Amino acid sequence: MRVLAVIGLTCLVYGAYGAYKIYNAHALARDLIRTATPFSRSGDQYTHTLLVVGDSTAVGVGTSPEQSVPGRLAEYLNASVENYAQSGAVTADISHQLTKA
């Protein structure tokens, strides 16, 4: 009987720890999304212009704006950037992003 109680308690503790880890991961993700700034830049000195639409990858969640995909492309292409991307966007949101451009 004690063995079953120990096994049950172990499972309960392990499950609670797993839930705690998931909660913390979600909190971190929310903070990353909330603080992400889409890379944009403008000016006459650039030879190209990039229009960026999309999801968190295009926003650059988890990195600095300069190190995001649009930031790196802009540097490589010497381009200005208009970034309308939004974290959490899905394919259906692209048309809305394009109408804002």
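Trainee: Helices here are DSSP runs of H or I with at least four residues, strands are E runs of at least two, and both are numbered from the N terminus. Where is the place of Ile 7?

Mentor: Ile 7 sits in helix H1, residues 2-35. Keep in mind that this is a predicted model, in which local features need pLDDT of at least 70, side-chain atom pairs count only at pLDDT 80 or more, and totals for chains, interfaces and linings use all residues. Residues are numbered from 1 along each chain as its sequence is written, and side-chain values use heavy atoms, with hydrogens and water left out.

Trainee: Which residues make the nonpolar surface patch?

Mentor: Met 1, Val 3, Leu 4 and Ile 7 make a patch of about 490 Å². Patch residues have over 30% relative accessible area and no salt bridge; nonpolar side chains (Val, Leu, Ile, Met, Phe, Trp, Tyr) are joined within 5 Å, and like charges within 9 Å. Areas come from the Shrake-Rupley method with a 1.4 Å probe, and for residues only the protein chains shown count as cover.

Trainee: How does Ile 7 count by relative accessibility?

Mentor: Partly exposed, because its relative accessibility is 45%. Buried is under 20% relative accessible area, exposed is over 50%, and partly exposed is in between (1.4 Å probe, protein chains only).

Trainee: Moving to the strands. In which sense do S1 and S2 pair?

Mentor: Strand S1 (residues 48-52) and S2 run in the parallel sense, over 5 bridges. Pairing requires that DSSP finds at least two bridges between two strands. As one example, Thr 49 has Ser 80 of S2 as its bridge partner.

Trainee: Why is S2 largely enclosed by the rest of the structure?

Mentor: Because 4 of its 5 residues, in the range 79-83, are buried.

Trainee: Which residues make up the largest nonpolar core?

Mentor: There are 10 residues: Ala 36, Phe 39, Leu 50, Val 52, Ala 58, Val 59, Ala 74, Ala 79, Val 81 and Ala 85. S1, helix H2 (56-59) and S2 are the elements that give two or more residues to this core. A core is a set of buried Ala, Val, Leu, Ile, Met, Phe, Trp, Tyr and Cys residues joined through side-chain atoms within 4.5 Å. In soluble globular proteins, nonpolar side chains tend to be buried together.

Trainee: What does Ala 36 touch?

Mentor: Val 59 and Val 61, leaving aside residues up to four places away in sequence. Contact means heavy atoms within 4.5 Å.

Trainee: Charges next. How many salt bridges does the count come to?

Mentor: The count is 2, where a salt bridge is a side-chain nitrogen of Lys or Arg within 4 Å of a carboxyl oxygen of Asp or Glu. One joins Arg 34 to Asp 31, with the closest N and O atoms 3.0 Å apart. These two are 3 residues apart in helix H1, so about one helical turn separates them. Arg 34 is exposed at 60% relative accessible area, while Asp 31 is partly exposed at 37%.

Trainee: And with what does Glu 75 form a salt bridge?

Mentor: Arg 41, with the closest N and O atoms 3.5 Å apart. That pair links distant parts of the chain, 34 residues apart: Glu 75 is in helix H3 (residues 69-77) and Arg 41 in the loop between H1 and S1. Glu 75 is exposed at 57%, whereas Arg 41 is buried at 18%.

Trainee: Ser 42, then: buried or exposed?

Mentor: Exposed, with a relative accessible area of 65%. Ser 42 is in the loop between H1 and S1, and its C-alpha atom is 6.3 Å from that of Val 81, 39 residues apart along the chain.

Trainee: Last one. What is phi of Asn 78 near?

Mentor: Near 55 degrees, a positive value in a residue other than glycine. Asn 78 is in the loop between H3 and S2 and is partly exposed, with a relative accessible area of 31%.
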